[in-house]
Amino acid sequence: MRRKIVAGNWKMHGNLADNEALLSALLAGAGDVKAEMAVCVPFPYLASVSAKLSGGGIAWGAQNMSQHGKGAFTGEVSAAMLNDFGCKYVIVGHSERRALYGESDEVVADKFLAAQAAGLVPILCVGESLEERETGVTEQVVGRQLDAVIAKAGVASLANCVVAYEPVWAIGTGKTATPAQAQAVHAFIRGKLRALDPVVADGLVIQYGGSVKAANAAELFAQPDIDGGLIGGASLQADEFLAICRAA
Ligand code: PEP
C-alpha cells in the first residue's frame, strides 16, 4: 500500500516568531498522525526550521531550487545548499513558478533532475489552468508536463519523487476540485505511467493540491489514487493543518 504524504507549502509567509509557534503546535499534535508530514518553507528559515524539527518526525524542504549546481547565478539556491540544511523535499514546477517566473517544462525537468542528483525528493507539481480545463485539454497539459520530466530523467526516476496534481484554478481560490474531478486526473496520471512502468505507477505518491482544508480533506483523500495533499494557505494554521494530516 502507498504511504500518504501531506506537505505544507508556506509560500512567502512566516517570520521567526510565528514559525516557532506553528512548528511547536505541529510537533505537539503530530503524535496521532499516521501520514508522513512535511513543511516546505522559505529559504531563510531552513536553518531554524531544521533545528526545530530534527528528530521530531516532521520532514522539511524548500519550495524551489536552481537547476544549476553552482556558479554565477545571483539570488539562486542550489540543491547542495538545501542538503546542508537537511531538506528531504523540494517543490519543483509549482504553478506560481511556472506562471510568474516563466519556468518552462524544460526548466522544471532540469530542476527535477538536479534535485534527485543531490538526493532530494522532488515534489513535482502539474496542473491545468481554468482555460485549459474549460477547453478540455487537462490531460494533454498534465501529460505534457510529465513527459518533459520522463524525457529527461526517465520513467524510473519517478520511483523517487512525489507528484502533486494542482489545478491552477483551485490554488488559493477557495475553489477545490471535486473529489471526482481530482480522482479522474490522478487516475489519468497513474494510468499513463502504468503503460510505461507498472511498478513505478503503482508506487507513486500523487498528492492533490488546491484549496484543501480540514472540511474537504477526508473526502479527497478517500479517493483511490489520491495519496495525500500539498497544502498552501491551510498549512499556516496548526489546527487546520493537523486536521488535514489526520484525514490522510
Ligand atoms: C499550493 O500553493 O500549492 C496550494 C495548494 O495552495 P492552497 O492550498 O492555498 O490552494
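Helices α7 and α8 cross in a right-handed sense. The model is a predicted one. Here α7 covers residues 138-153 and α8 covers residues 179-194. Their axes lie 11 Å apart, at an angle of about 40 degrees. The two helices are therefore oblique to each other.

Which residues of α7 and α8 make the contact? From α7 come T138, E139, V142, G143, L146, D147 and I150. From α8 come V185, F188, I189, K192 and L193. Sorted by class, the contact of α7 with α8 holds seven nonpolar, two polar and three charged residues.

A second pair is α1 and α11. Helix α1 spans 16-29, and α11 spans residues 238-247. The crossing of α1 and α11 is right-handed. On the α1 side stand L22, A25, L26 and G29. They meet A238, F241, L242 and R246 of α11. This contact has six nonpolar residues, one polar and one charged.

The table sets out the two pairs.

| Helix pair | Angle | Axes |
|---|---|---|
| α7 and α8 | about 40 degrees | 11 Å apart |
| α1 and α11 | roughly 35 degrees | within 9 Å |

Next, the nonpolar cores. In soluble globular proteins, nonpolar side chains tend to be buried together. The largest nonpolar core in this model has 67 residues. Which of its residues touch the most other members? They are L26, V39 and I189. L26 also belongs to the α1 contact with α11, and I189 to the α8 contact with α7.

V39 has contacts from several parts of the chain. Neighbours within four places in sequence aside, V39 is in contact with G8, W10, L23, L26, V49, L53, A59, W60, G61 and F241. F241 is one of the α11 residues that meet α1. Another core lies apart and has 14 residues, including A7, I91, V162 and V205.

Most residues other than glycine have a negative phi. K11 is not a glycine, yet its phi is positive, about 50 degrees. K11 sits in the loop between β1 (5-9) and α1. Is K11 buried or exposed? Its relative accessibility is 19%, so K11 counts as buried, the cut-off being under 20%.

S211 also has a positive phi, about 55 degrees, and is not a glycine. Where does S211 lie? S211 is in the loop between β7 (205-208) and α10 (214-221). With 15% relative accessibility, S211 counts as buried.

Conventions
Residues are numbered from 1 along each chain as its sequence is written. This is a predicted model: local features need pLDDT of at least 70, side-chain atom pairs count only at pLDDT 80 or more; totals for chains, interfaces and linings use all residues. Side-chain values use heavy atoms; hydrogens and water are left out. Axes are lines fitted to C-alpha atoms, for helices over the stretch in contact, and angles run from 0 to 180 degrees between N-to-C directions. Helices (H or I, at least four residues) and strands (E, at least two) are DSSP runs, numbered from the N terminus. Angles under 35 degrees count as roughly parallel, over 145 as roughly antiparallel, 65 to 115 as roughly perpendicular and the rest as oblique. A crossing is left-handed if the near helix is turned anticlockwise from the far one by less than a right angle, and right-handed if clockwise. Contact means heavy atoms within 4.5 Å. Ala, Val, Leu, Ile, Met, Phe, Trp, Tyr, Cys and Pro count as nonpolar, Asp, Glu, Lys and Arg as charged, and the others, Gly among them, as polar. A nonpolar core is a set of buried Ala, Val, Leu, Ile, Met, Phe, Trp, Tyr and Cys residues joined through side-chain atoms within 4.5 Å. Buried means under 20% relative accessible area, exposed over 50%, partly exposed in between (1.4 Å probe, protein chains only).
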